[in-house]
Amino acid sequence: MIGLVVLAIFISMIILAIFTIFNRDLPHSVILFMGFGLGSVVLFFLFSAPDVALTEAVIGTGASSVVLLVTLLQVRPKERKR
Amino acid sequence: MSILYFIAIPLLASFLTLFFKNYLRYISVAINAILLVLAYFIIENLPITENLSFDSPLAISFVLTKGSAFFMTLFIGISFLFSLYNITQNSRRDIFILTNMLLIGVIGLVLSGDIFNIYIFFEISSITAYILTSLNRDAKAYNGAIKYMIIGSIASIFLLIAIITIYLNIGTLNLITIGERFGYMGANTQFLVLLSLFIGFGIKTEIFPLNFWAVDIYQATSSKINTLFSSILSKAYIFVFFHIAYLWNVDSKYLLFTAMIGVISFGIAEVSSLTSKDTKRVFAYSTLGQLGVLFIGFSYNNITIMTGAIFLVFMHSITKLMLFLSLDILEQRFGQSSIEIFKQFKSPFLIIIFIIGFLSLLGLPPFGGFIAKLTILSGLAGVGAYIMMGAILVISLVEAVYLFRLLSYTKDTQPKVKISIPLLQKAILASIAFAIIYFGIFPNALLDISQQVASSIIGGVHV
Amino acid sequence: MSLKQKISIQSILVSLVVSIMTIILLGVLLNFTTSFEPTLGNELLRINANNTKSANAVTSVVTYFRGFDTLGEVTILFLSIFGVGLGLKGFKDKLNIFSYENTLLKIGVDTLFPIIILFGIYVIIHGHLSPGGGFQGGVIIASGFLLMFLAKGDDLNINHKILELIESLSGAGFILIALLGLLVTDRFLGNFLPLGEVGKLFSGGVIPLIYIFVGIKVSAEITALLEYFIRIKDVR
Amino acid sequence: MLDSFNQTPFLHSVITIGSFLILLIGLVGALSKKNLFKIFLSLAIAESSLFIYFIGMHFSIGKIAPIVTNKVTEFSNDMVDPIPQAMILTTIVIGIAVLSLALSFIISYYKLTGKMRIDDMNELGEDK
């Protein structure tokens, strides 16, 4: 089953990546980026890499999303839509 | 004695800056002096291979050959002069940490014998460079820093692609083992690895198709910081790039390609500098041009050309150190760096310094740059690369045009501002100028060292 | 799309390089054959049981076999947080923009905070036995502080001096362990402690010690990083 | 029929093509988007595609995590290679360091000039 699960996750990750980048609303992009990161966490877990999965969950997705969102709070609302 | 002290001492010092805030300028000089002394003692028993924590292919190893020792000593020496120049100003924690980190980054780059470890030091030196670019904290500086970060991130992605491809195909990270197994990879894979390495390091060595951003970076920062970029950082990347190429015995077509890139880079940089109205940009274009010449020199698998290139590395580093530090004095006085300031200052000392620097950059006798270019050209004649020789000579004429234009500005009859220079800074500049002339007249000792370094780089790691 | 906007020569060049790159990349990657055996990792798995006695092979690679990479990584984190501080300190700090006034949140965070810290410490000191370690645990601890910033608003002021002190001392501790290894075993980052038994808490020699220093350092650094970002910046 | 989906070659092709597409999306985004924030987001996506590729290609069906537990009592070649995992762990941490530094630069630049787009950045150049 793992092959199909990986395929499904990849398809959703590609869609999420496209929407992250070509979306006009920056806060939405960050949320989609978090979804993308979640996909890669699941992939790392499926690939028998629990250490990397934990790191990606905590640092790659968690901490970087917080930093990204807080950056957007510093910016005027008009600039958040591009 | 261990090689790792060269990394551990500056690293420990920069972690512990909190405890001696007011003495940082003296500590900086002291650290660089200690490292110079250590380098002097360690050079006697080369080559050294030191494994960290475990046996070699499994763990990281550090390799000190004549090549890497030369570059390491050069960087420490320049850093020493730089810290000495800074001693007349107030202690600044940011400058202290960043210069130390830059030193760690470049020493690690030239010494490390493990490709992923090289990536780590690549990142350390890049991040230091980003922060150094932003150090002025105005819109210009942040503009430069953001552009630098975008292009630098792309460079590290490509370097990572190269590392991943290597590990997937031949299952090792040690540079020497990769060299043994490099032939096992298919032709396409080799091409992919080399192209990724070229993009990754080419962006950092400011070579032609990838150097459109570099001049902006030089313009964004103060001249003092440009010293570090021009004299230390780009030299370290060039060494690593070609050291890897020779270690892995790459195809000779690849080296021909880098030589072509080098001559194109030289030409475009020198032509672009003709229209430049900012002194920092002029010097930056000159640096790009010289890096192009270095690319030519390093690309021929020939001991004479390589000797000239090593000589040029030394000469260009100290010359650019001198020129950018002199420009820093002018910039601090006038608050700007457009070429108009050459019409306004009055200081016979600085004019002499500039003349020596420019003539050495052009490669005229009796200065050090002449010997370097002469050796490269005679080596090129030896291998029959006459087109390359002609190209270098023609482009050097273009270089002469803009450097003499700058000098002619000093003869302008505008009201002049007198510049006073502290004695220590004067002494540093004068001693560098003396070194340039000395090595121009008595080049044999340095040529001998350069030849040993060159044979070490061409011959691989154990020589 | 924005591609239609003015395209300079530079972007044409870059996209040319990238497109050549991608064509080759796909060509090479699809023809991917079996990897060279044995890889470093296979050899490493063979000797790991006897040489480090750490139950988690990834941890023994991160902190022992490639411990120098980790030292560099810690340096990078230190450098980047230093750079962030250098840039953002120049602005006048105002309110905490991240806070959210809510009693429920306050009480909940008060309860959760010790548990999160405890969990972070658990992840750090069990780095050589189970997935996790200094980096992950450090960020977990920092996330506890993030919750505090969220709930407490401007009541919570973290002293940057103390964070810097913790950071510098733990960084120095890492290097001192490495230098101690150099003095005792003649190898930088060498193991100078008894190895113990696989699966026990006190095993693996210097590995847990290094990960504890990394954990302390990372938690202080990420907390400082978040603290820099959550204040409104104002141009002087 | 369904069996062939669970073989290692199929898995590896999925990983190769998928992560390649993500890398492409990331690089195209980084080079075509004009918003500074989006550029760094795209670079983060491009980088994480490399992580997935590297970890994924070292996994084949049936391999387990390189950790000794109560059930798995000794290290063997049935485990996945630990070195890529350690490398990726390092690279993820470097990634957030670079990202946060870039974001701090963007905040500073925005607060100083009010600009967020790369084609508005005109402080540097020949006539400045």
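L189(C) sits in the loop that links helix 7 (160–185) to helix 8 (207–230) of chain C, and it makes a handy starting point for this predicted model. Its phi is near 65°, a positive value in a residue other than glycine.

**Backbone details worth a look**

- L189(C) is buried, because 29 other C-beta atoms lie within 10 Å and 20 or more is the cut-off for that class.
- R137(B) also has a positive phi, of about 60°, although it is not a glycine.
- You will find R137(B) in the loop between helix 5 and helix 6 of chain B.
- With 16 other C-beta atoms within 10 Å, R137(B) counts as partly exposed.
- The peptide bond joining P365(B) and P366(B) is cis, with omega at about 5°.
- P366(B) belongs to the loop between helix 15 (348–362) and helix 16 (368–382) of chain B.

**Chain B as a whole**

- Chain B is built with 19 helices and four strands.
- Its radius of gyration is 21 Å, close to the 23 Å that the globule rule gives for 463 residues, so chain B is as compact as a globular protein of that length.
- Among chain B contacts between residues at least 6 apart in sequence, 79% join residues at least 24 apart.

**Where chain B touches chain C**

- Here 46 residues of chain B are in contact with 44 residues of chain C.
- On the chain B side, the elements giving two or more residues are helix 1 (5–15), helix 4 (93–111), helix 5 (115–133), helix 6 (139–170) and helix 8 (187–204).
- Helix 5 of chain B gives the most to this side, with nine residues.
- By class, the side of chain B that touches chain C has 31 nonpolar, eleven polar and four charged residues.

**Where chain D touches chain C**

- In this contact, 36 residues of chain D meet 48 residues of chain C.
- Helix 1 (8–32) and helix 3 of chain D are the elements that give two or more residues to the chain D side.
- The largest share of that side, 18 residues, comes from helix 3 of chain D.
- The side of chain D that touches chain C divides into 21 nonpolar, nine polar and six charged residues.

- Helix 3 (residues 57–65) of chain C packs with helix 3 (residues 82–113) of chain D at an angle of about 55°, and their axes are 9 Å apart.
- That angle makes helix 3 of chain C oblique to helix 3 of chain D.
- The crossing of these two helices is right-handed.
- From helix 3 of chain C, the residues A57(C), V58(C), V61(C) and V62(C) take part, and they meet P82(D), I83(D), Q85(D), A86(D) and L89(D) in helix 3 of chain D.
- The residues of this helix contact divide into eight nonpolar, one polar and no charged.

Notes:
Residues are numbered from 1 along each chain as its sequence is written. Chains are lettered from A and ligands numbered from 1 in the order in which they are written. This is a predicted model: local features need pLDDT of at least 70, side-chain atom pairs count only at pLDDT 80 or more; totals for chains, interfaces and linings use all residues. Axes are lines fitted to C-alpha atoms, for helices over the stretch in contact, and angles run from 0 to 180 degrees between N-to-C directions. Angles under 35 degrees count as roughly parallel, over 145 as roughly antiparallel, 65 to 115 as roughly perpendicular and the rest as oblique. A crossing is left-handed if the near helix is turned anticlockwise from the far one by less than a right angle, and right-handed if clockwise. Two residues are in contact if their C-beta atoms, placed from the backbone, lie within 7 Å. Ala, Val, Leu, Ile, Met, Phe, Trp, Tyr, Cys and Pro count as nonpolar, Asp, Glu, Lys and Arg as charged, and the others, Gly among them, as polar. The radius of gyration is taken over C-alpha atoms; the globule rule is 2.2 Å times the number of residues to the power 0.38. A residue is buried if 20 or more other C-beta atoms lie within 10 Å of its own, exposed if 12 or fewer, and partly exposed in between; C-beta atoms are placed from the backbone.
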